[in-house]
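I opened this entry to look up ring contacts first, then the core and the fold.

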Amino acid sequence: MQTQQTITFFGTVSNSATSRTSKTGRKYTAFGVAIISDRNLQAFHYNVVAFGKQGHFAKQLQTGTRIKLVVQAQSQPDNIATLPLLTATFVRPVHPVARG
């Protein structure tokens, strides 16, 4: 039995979402996200793809939107991409809590 590890991030959309279709005809939404490290305030950038309901939801994401993102890392053996690719399993905007 294979288990898949997920990672939860809070980050900022760095590239607005774009709807695309894969070579096999599967629709998905791609976008970029920046995660700031608490330790040294360094930004880490990732490319994200979301399929199905999460892909449909992610279409509305704009640059600067704060999001909670649960992902699985994908290996890219035949890809020359310089940024890691993550597959989103959960994407939601983070709304600030009202303080009174």
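I searched the whole structure for aromatic pairs and found 2. I counted rings of Phe, Tyr and Trp (its six-membered ring) with centres within 6.5 Å; planes under 30 degrees apart are stacked, over 60 edge-to-face, the rest tilted. Tyr28 and Phe51 form a tilted pair, 5.7 Å centre to centre with 45° between the planes. Tyr28 lies in strand β2 and Phe51 in strand β3, so the pair ties together parts 23 residues apart in sequence.

I noted that this is a predicted model: local features need pLDDT of at least 70, side-chain atom pairs pLDDT 80 or more, while totals for chains, interfaces and linings use all residues. Residues are numbered from 1 along each chain as its sequence is written, and side-chain values use heavy atoms, without hydrogens and water.

I checked burial next (buried is under 20% relative accessible area, exposed over 50%, partly exposed in between; 1.4 Å probe, protein chains only). Tyr28 is buried at 17%. Phe51 is partly exposed at 25%.

I then looked for charges over rings (NZ of Lys or CZ of Arg within 6 Å of the ring centre and within 35 degrees of the ring normal). Arg26 lies over the face of Phe51, 4.0 Å from the ring centre. Arg92 has its charged end over the ring of Phe57, 4.3 Å from the centre.

Last, I read the fold. The chain has 1 helix and 5 strands, in the order β-β-β-α-β-β. I took these as DSSP runs numbered from the N terminus: helices H or I of at least four residues, strands E of at least two.
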